[in-house]
Each structure stands twice: as C-alpha cells, then as structure tokens.
Amino acid sequence: MTERVLSGMQPSADSLHLGNYLGAMVNWVQLQESYDAFFFIPDMHAITVAQDPADLAERVRRTAAQYIACGIDPERSTLFVQSHVPQHAQLAWVMICQTGMGEAGRMTQFKDKAAKSGSEHAGVGLFTYPMLQAADILLYQPHSVPVGEDQKQHVELTRNLAQRFNHRYGETFRVPELAVPASGARIYDLQNPTAKMSKSGESPNGLLNLMDTDKKMAKKIRSAVTDDGSEIRFDRAAKPGISNLLSIHSALSGKAPSELEEEYAGRMYGHLKVELAELVVERLGPVRDRALELLEDPGELDALLARGAQKARSAAEPVLAEVYQKVGFLPAAPG
C-alpha cells in the first residue's frame, strides 16, 4: 500500500510567495512521485478572520491555479477545496468535543492572533481552528503530514486527539507522523532579513510573489536589504541580508552556499543581485504564466477541483461513517 501524505495552504492572498514555493511547494511536487498525495485549499480556515466573499472565491481559484502551475498534478494527486468536502466540518465537531478548553487555549497561534486583535474580538472559529485542522488530517488517514515549524503544535494536537479517540472508542484513526521537511528552504523577508517571508510583512517589497511580473520580481531582488562590508559569504548572524540572497540562489540553482561563496569571491553585492534576479525570473516566470493560463478558463479549473473533491469525499466518507457509528449517532434511515 502506498503511504499517504496530506497538506494545504490557506488562500489568504492573490499570490503564493517565494517562501511558500521553496519551503513547501517544491517538496510537495516531489512527494507526489512516491506517495498517495492529498493537497487541499483550506478556505474554511480562511473565514476564521473577516473575508470579502468575492475575494475569497477568487483567491481559492488563484491558489489552485498556482498549485498546478508549481507542479501539483491533479491526475497523480488529489487536489481539492476544503469546503467542497462536507465531512471536514462534520468530523470537526466530533474533534471539538474531544478537546479540553485548556488544551485549546494553549495553542500558540490562537494566543498570538487573539493578542493582535484583542481577545474580545477573536471569533470562536479562531479558537476551534486546530480542531478543524485535526479533522482535515484524520479524515484521510495519512501516514505523515508535511508542515512548517509554525504548524508543529497543531499536528501534535491532532496526534493527541487521534490517540484519545482510539482509546475511548477503539482503534479508528491512524496517528499521523509529523514531517517537517529537512530540505525545505527557509526564506526571509527581502527588506527585513531577520523575519520570515510572510504576507503579513511590514513592506510589500519584502515579499516576492509568484504572480509578480518579471520586472517587479527583478526590482524586488535588486532592492533587497544587504549588510555592511562587501564580502559575499553565508553568515546568518553577521550577514542576514546576503545570507538570505544566497539561500534563495542555492534553493533555485542547486548550488551549495559554500560553492556560491567561491563563485562570488571578490565580486560585489550588485553582481549577486543581478544574477539572482535573472535566476528568479527564469524559474518563477513560467509558473506565473502557467497559472494565468489556467485562470483564463475558470470552468475547466473548477471541473478539476470538482473531480478532486469527489476523490476526497470517497476517501472521507467511510472514515466519518465509522466515527459516527462509534460515538453512537443513530444512522439516518434511507429514503
């Protein structure tokens, strides 16, 4: 039996960024070669904060197009939208009922987000977000869940809930392994190279988007913050700006940072920026173009997502049915 993996990224912007691409997407594309891969767009998670409905629908399509443009193959992987599979919400309620208030309250992301907006303004959905995430995972019985460091706590909660349910009701869920990709590149903000590249960064110039024009990509690289001195070397503490540019180059070119240090010995920061800009455009330009091509035919894109949702529902239905039977829900009579 081929092992299964599952992961997803929220449709919280019009474009994925370079950190998403190098930190997750490149790894996902490799995973589908040897795993039964399920990749989804968690639009239900997106509404834990206020959303413009029309913007959200468009962002879901744009995110799906970028998944495919990056190399996710709907024929080899199951690609779907979370809200298209009602079993996510149905299992989420069961997971909420397995979770203690203190346990939920310790979730770091809830505390951080609630602190930013004020806890009195934080919605209950934000509080129960990790239980929905547990349902997202456990519905598909994956062997592992490839996530970033910021999601480790949520996957640990998922493991705890799976073990708790199995203890109370009998073996039901596979307890998934946490898989933080060792090879995933950690990309930092181009204007603040001590902070992780993020849509919530202080300056839009620090974020390199997959859907940027070639000109904009090149300009953002050329205007990236560098460090004192002129030596091009990888030193995260002393030279965070140059180290970030070297990390990006290394991830795109396949050359080790030490090899790049030798290549740029005696050369100026400007040389690195110009050549990196060319490399970024060469690698990301075709991804953007393919995504735009897919978006020109939203009907076909929606049809691809519908087929993925049907595959996902087929996998989720028997798991939810077993859960409902074990917790004692009376089966609905046919008719």
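How many helices and strands are there in the chain? The chain has 13 helices and five strands. Both are DSSP runs numbered from the N terminus, helices being H or I with at least four residues and strands E with at least two.

## Basis

This is a predicted model, in which local features need pLDDT of at least 70 and side-chain atom pairs count only at pLDDT 80 or more, while totals for chains, interfaces and linings use all residues. Residues are numbered from 1 along each chain as its sequence is written, and side-chain values use heavy atoms, without hydrogens and water.

## Overall fold

The C-alpha atoms fill a box of roughly 75 × 45 × 40 Å along the principal axes.

Of the 335 residues, 49% count as buried (under 20% relative accessible area, with a 1.4 Å probe and protein chains only). Among contacts with a separation of 6 or more, 75% join residues 24 or more positions apart. Contact means heavy atoms within 4.5 Å.

## Helices α3 and α12

Helix α3 spans residues 53-70 and helix α12 residues 269-295. Their axes come within 8 Å and cross at roughly 130°. Axes are lines fitted to C-alpha atoms, for helices over the stretch in contact, and angles run from 0 to 180 degrees between N-to-C directions. The pair is therefore oblique. Angles under 35 degrees count as roughly parallel, over 145 as roughly antiparallel, 65 to 115 as roughly perpendicular and the rest as oblique.

The crossing is right-handed: the near helix is turned clockwise from the far one by less than a right angle. From α3, R61, R62, A65, Q66, I68, A69 and C70 meet V287, R290, A291, L294 and L295 of α12. These residues divide into eight nonpolar, one polar and three charged. Ala, Val, Leu, Ile, Met, Phe, Trp, Tyr, Cys and Pro count as nonpolar, Asp, Glu, Lys and Arg as charged, and the others, Gly among them, as polar.

## Helices α4 and α13

Helix α4 (residues 87-96) packs on helix α13 (residues 298-327) at about 30°, with axes 10 Å apart. The two are therefore roughly parallel. Q87, Q90, L91 and V94 of α4 touch R313, A316, E317, L320, V323, Y324 and V327 of α13. Seven of these are nonpolar, two polar and two charged.

## A loop residue

Q141 lies in the loop between α7 (124-138) and β4 (144-146). Its phi is positive, about 50°, although Q141 is not a glycine. Most residues other than glycine have a negative phi.

Terms used. Buried means under 20% relative accessible area, exposed over 50%, partly exposed in between (1.4 Å probe, protein chains only).
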